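Hello,

I am handing over the structure we talked about, and below it you will find what turned up when I went through it. Please keep it open beside you as you read.

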Amino acid sequence: MPIAFDHVSSKLRTPLFFAEMNNSMANSATATQITLIIGQQLDTALQTPGVPFLASSVSTVGGQCGYGSMVHAMMAAYLKNDTAGKIYILPLADSKSMVAATGTITVTSPATASGTLSVYIAGERVQIAALNTDAIATVATALAAEINATTRLPVTAAAVDGVVTLTAKNKGAHGNLIDVRLNYGGTAAGEATPTGLVVTIVAMKGGSGTPALDDALANYGDKGADFIINPYTDSTSLNAVKLWLSDATGRWSYASQLYGHALGVISGTYGELTAAGEARNDQHASLIGVYDSPTPPWVWAAAVYGSAAVSLRNDPGRPLQTLTVSGVLAPPLPSRFDLPERNNLLYSGISTVVVADDDTVTLENVITTYQTNSYGDADDSYLEIETLFLLMYVTRYLRSAITSKFPRMKLAADGTRFAPGSAIVTPSTIKAELIAQYKALEKNGFVQDSKSFAAGLIVEQNSTNVNRVDVLWPGTLINQLRVFALLNQFRLKAAS
């Protein structure tokens with residue numbers, strides 16, 4: 001029986017025992033799923049812009065990219081939800097054409113009773129004591145000093161004559177979304193403006209421009225990136241990531257097989273979010289809609305994907321609904337979307353979150369922005385994000401099985417008679433292996449209906465290239481329990 005050795009020579013005459021190792025039947029490994037955080041660093045950063053680097057702590061990113069930078073805040077939010085992920089940072093530089101957003105906090109009247117002033121900037125609380133003996137300039141100077149001392153904040157502050165001017169540390173249009181407000185926590189958190197103290201806020205504005213993503217994405221090369229956090233939701237940035245992940249030429253193409261899914265967060269009213277979602281159609285991207293949260297959208301994006309990544313790594317088929325999101329502040333009660341609004345957003349390509357009575361944020365339904373096929377007709381085949389992650393998992397599983405068991409095989413037509421143990425496969429051999437692997441996937445809860453799969457599976461030798469095997473893999477992915485509908489047909493009188 002001609003057992004196919006790779007290294008033991010058939011010409012040996014020296015005795016006695018020779019052994020070689022073959023791992024073709026032992027591989028059970030799965031691909032490491034990597035998180036990629038894209039975001040701007042400060043001009044003073046030590047890291048070369050556009051060059052990805054591996055990071056495991058907030059302090060590393062702060063030290064390399066600058067404390068208070070966009071990417072520093074995103075790393076902090078991500079790690080509040082996922083501490084086990086392998087994370088790459090893709091830092092971007094502010095371009096010369098970009099402009100920083102500015103805003104003001106003006107103290108117009110001094111306190112008549114001493115107290116504590118609570119200001120929230122980008123969802124981070126800054127507090128100072130405001131005494132009834134303090135002049136307005138004193139209060140403003142103290143506030144500016146405390147803001148600058150809180151290095152994780154995305155702004156710097158300067159006080160002149162009672163006016164605190166805030167300037168975004170990173171240039172760009174995103175700076176207009178840096179929220180500034182008083183007393184978010186309210187009386188429950190012991191927050192109230194001291195009596196007599198009058199503070200006026202002018203929202204951040206004037207920021208413009210976004211970094212170009214194309215070169216930085218190209219620099220990332222062929223490293224893995226399943227969880228891609230994109231802080232930019234303008235059409236140019238979204239299109240750049242869409243092209244990078246393209247089925248035809250990008251990371252989802254047959255030639256690359258790298259895969260990955262991008263996620264971002266848009267802040268806007270119900271109407272604004274609806275319009276934004278309906279303008280997109282990409283199965284490899286998700287956009288979550290929020291409104292009036294003190295936490296910036298890019299921080300939301302990192303926190304949400306951190307929460308989702310933990311579940312998707314463990315089991316890509318389990319729905320993400322009810323997962324808690326840490327590190328973000330919920331919108332005030334009047335600003336939260338009700339059920340009809342959230343349901344309609346989910347029909348417009350916008351993913352949704354819900355807020356519990358204790359202000360805990362949880363995921364409701366994370367969908368892709370894919371809504372129509374190439375003819376513009378409604379298409380829900382790529383609706384759920386779990387579908388994309390199941391496809392990644394199953395495809396990688398099959399690739400690992402095939403490349404492990406059939407790495408150097410000769411190919412014979414079905415019906416060929418050859419000795420057992422030969423390094424030869426036939427289409428039927430491969431078909432049997434695919435059916436066995438499908439049953440293993442079914443047992444582990446990733447696919448279903450193995451009987452129909454076996455009946456529909458086609459494995460055949462290519463008619464023009466005799467060294468090629470073509471496979472039609474008709475798998476049925478596992479579903480998710482999303483809706484439980486009950487008709488409570490109650491009775492008031494017992495049946496006789």
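An open sheet of 4 strands has the order 7-8-4-10 with antiparallel pairing, where strands are DSSP runs of E with at least two residues, helices are runs of H or I with at least four, both numbered from the N terminus, and two strands pair if DSSP finds at least two bridges between them. Strand 7 (155-160) and strand 10 (198-205) each have a single partner strand and stand at the edges, so one side of each is left without a neighbour in the sheet. From one strand to the next, the twist averages 15°.

This is a predicted model, in which local features need pLDDT of at least 70 and side-chain atom pairs count only at pLDDT 80 or more, while totals for chains, interfaces and linings use all residues. Residues are numbered from 1 along each chain as its sequence is written, and side-chain values use heavy atoms, with hydrogens and water left out.

Within the sheet, strand 4 (residues 102-109) and strand 8 (residues 163-168) pair in the antiparallel sense over 5 bridges, and Ile105 has Val164 of strand 8 as its bridge partner. Helix 3 (residues 136-149) packs on the sheet and touches strand 4, strand 7 and strand 8, contact meaning heavy atoms within 4.5 Å. The direction of helix 3 makes about 160° with that of strand 7, angles running from 0 to 180 degrees between N-to-C directions, with axes as lines fitted to C-alpha atoms, for helices over the stretch in contact.

Best wishes
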